[in-house]
Amino acid sequence: MNFYPLAGKLIPIFWLAAIVLTAIGLYWGFFKTADAMDNGMKEYYRIIYVHVASAWMAMWLYAVMVAWAMIGLIFNTRLSFMMASATAITGTIMTIIALVTGAIWGKTSWGTWWDWDPKLTTFLILLFVYIGYIALQSAIDDTRRSDKASALLALVGLAIVPVIYYAVNCPDPNQCASLHQESSLKRVESNILIGMLVTTLGFWMYSFATILMRARNIILERERNTSWVSKLNEVN
Amino acid sequence: MMSAFWVLLKRDLLLALRRRSEIFTVLFFFLIVISLFPLGVGSEDATLKKIAPGVVWIAALLASTLALDRLFANDYLDGTLEQLTLAPQSLSVMVFAKMIAHWLLTGLPLVLIAPLVGLFYHLPSNTIGVMMLVLLLGTPVLSMIGAIAAALTLGLRGGGVLVSLLVLPLYIPVLVYGAGAISASMVEGLSIQPYLLLLSAFMLLALIFSPWATAAALKISLE
Amino acid sequence: MSEFFHMGGYGAYIWSAMATALVLMLLEPMMLVVKRRAVLKDIKRIKRLEERQNRKN
């Protein structure tokens with residue numbers, strides 16, 4: 001188990017990077033974007049840094065989780081399953097942040113806390129999918145079975161989530177061609193974009209840090225009876 | 001290979017016909033949910049027509065979810081399932097036979113009872129036809145996606161609630177286009193063909209992937 | 001300064017969004033640390049028990 005001490009060394013580095021990058025991103029977004037206000041942008045766009053960063057992380061972490069699950073199923077490595085389940089909870093928290101900040105954004109720009117807007121709806125369903133994964137994992141006592149079963153569920157989710165996204169985006173296939181959304185990133189003012197991207201990087205570092213912390217907890221819990229754990233400095 | 005398929009299909013149907021009350025429980029659950037909505041939402045003609053597509057589909061989702069734990073539970077308890085995984089025939093094929101049997105017993109009755117729903121909700125006759133058609137296309141998908149979750153939660157305590165937590169979000173595409181087709185059929189000049197094509201596509205995808213995924217899930221659960 | 005926190009009337013929304021993110025992102029690592037301490041304590045306890053058992057034999 002070389003992973004455990006390595007992760008222990010990496011965690012403080014990731015924390016430092018997370019705090020510094022998020023602070024720079026938010027600073028840039030709050031103070032360097034005065035031009036955007038002249039173009040008719042309202043003050044509430046400042047929610048976007050945290051909202052977009054957490055929304056991106058919610059989706060990316062699902063991909064990371066599925067990747068670990070897939071590696072685990074193919075190579076049958078226990079560490080990948082632990083990483084997959086460590087990723088799920090951080091992903092869930094990112095989804096919750098994205099939903100809450102999205103609702104607040106909605107209140108300021110559309111005047112309602114919740115709108116059945118395709119993107120918000122997709123994130124609500126993503127939350128349900130994450131919760132399903134965590135629920136299945138915690139319902140199975142046998143770790144081997146719970147690892148593999150939840151990994152398979154994550155794979156099935158990966159196959160169906162894009163279909164759900166399509167269905168939510170275009171409930172009426174008669175009009176779909178005209179509903180095609182272009183990516184809104186291109187229209188974003190460059191200073192706002194820098195703020196968003198740097199904050200997202202900070203959130204990535206945060207995710208790495210919490211995932212490694214959780215993975216270390218899972219390892220300790222599962223290997224509590226092995227000799228290498230009882231030789232650790234932490235328990236002596 | 002095919003003989004194993006037919007034997008298992010026949011066996012499951014025969015077993016179910018010996019316990020006919022189980023088929024009727026699902027059917028009556030569906031009917032009860034359907035008839036609760038007018039009591040709760042109000043029974044004006046326009047309201048009924050507006051909510052009918054969604055109500056029919058949500059009732060169908062719930063009914064098929066409730067029936068899921070029966071798919072493997074009995075065979076798991078008496079050890080038949082373990083024997084099936086050891087058999088030389090492909091597990092996917094046998095799982096597929098069990099899914100078909102499950103759909104014939106829980107999905108098909110819902111399709112056949114649909115005209116009654118149409119009467120309850122004052123739907124025009126062509127809409128009733130569309131409703132039966134989309135239920136015919138959609139309910140097999142529900143059974144096939146549900147089978148994966150049923151296999152994953154095999155033998156767990158509180159498995160029933162867990163299964164609904166896992167599958168209901170995954171049923172959303174079928175719900176959206178199934179209900180959409182019924183609504184579209186009530187609007188003059190709207191084509192329902194795109195809905196039918198999408199639902200058929202879902203069915204084909206489920207046919208390809210679900211037996212395989214369910215077999216993999218069963219192997220994990222029985223390991 | 002108060003102008004900055006006011007944010008053209010949207011201050012409450014912006015700061016509550018920031019606060020939600022901050023609270024959740026502080027709570028998560030805090031719970032991880034609590035969990036880690038609990039697991040370590042458990043391991044230590046089992047180790048002590050085992051050592052006592054070994055001394056008896």
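Here are some worked exercises on the chains of this predicted model.

Residues are numbered from 1 along each chain as its sequence is written, and chains are lettered from A, with ligands numbered from 1, in the order in which they are written. Local features need pLDDT of at least 70 and side-chain atom pairs count only at pLDDT 80 or more, while totals for chains, interfaces and linings use all residues.

**Exercise 1. Describe how the chains meet, and take apart the side of chain A that touches chain C.**

Step 1. Begin with the pairs: two pairs of chains are in contact, and chains A and C share the most contacts. Here, residues are in contact if their C-beta atoms, placed from the backbone, lie within 7 Å. Chains B and C do not touch, and their nearest C-alpha atoms are 24 Å apart.

Step 2. Now count residues: 27 from chain A are in contact with 24 from chain C.

Step 3. Next, find their elements. On chain A, helix 3 (48-75), helix 4 (78-109), helix 8 (190-222) and helix 9 (227-230) each supply at least two residues of this side. Helix 4 of chain A gives the largest share, eight residues. Helices (H or I, at least four residues) and strands (E, at least two) are DSSP runs, numbered from the N terminus.

Step 4. Finish with the classes: this side of chain A has 13 nonpolar, six polar and eight charged residues. Ala, Val, Leu, Ile, Met, Phe, Trp, Tyr, Cys and Pro count as nonpolar, Asp, Glu, Lys and Arg as charged, and the others, Gly among them, as polar.

**Exercise 2. Work out how helix 8 of chain A packs against helix 3 and helix 1 of chain A.**

Step 1. Take helix 3 of chain A: it packs on helix 8 of chain A at an angle of about 50°, with the axes 8 Å apart. Axes are lines fitted to C-alpha atoms, for helices over the stretch in contact, and angles run from 0 to 180 degrees between N-to-C directions.

Step 2. Classify that angle: helix 3 of chain A is therefore oblique to helix 8 of chain A. Angles under 35 degrees count as roughly parallel, over 145 as roughly antiparallel, 65 to 115 as roughly perpendicular and the rest as oblique.

Step 3. A crossing is left-handed if the near helix is turned anticlockwise from the far one by less than a right angle, and right-handed if clockwise.

Step 4. Look at the residues: the contact includes Trp56(A) and Met57(A) of helix 3 and Phe203(A) and Trp204(A) of helix 8. By class, it has eleven nonpolar, five polar and no charged residues.

Step 5. Turn to helix 1 (residues 3-31) of chain A, which packs on helix 8 of chain A at about 155°, with the axes 7 Å apart. That makes the two roughly antiparallel. Helix 1 of chain A passes helix 8 of chain A in a left-handed crossing, and their contact has 25 nonpolar, eight polar and one charged residues.
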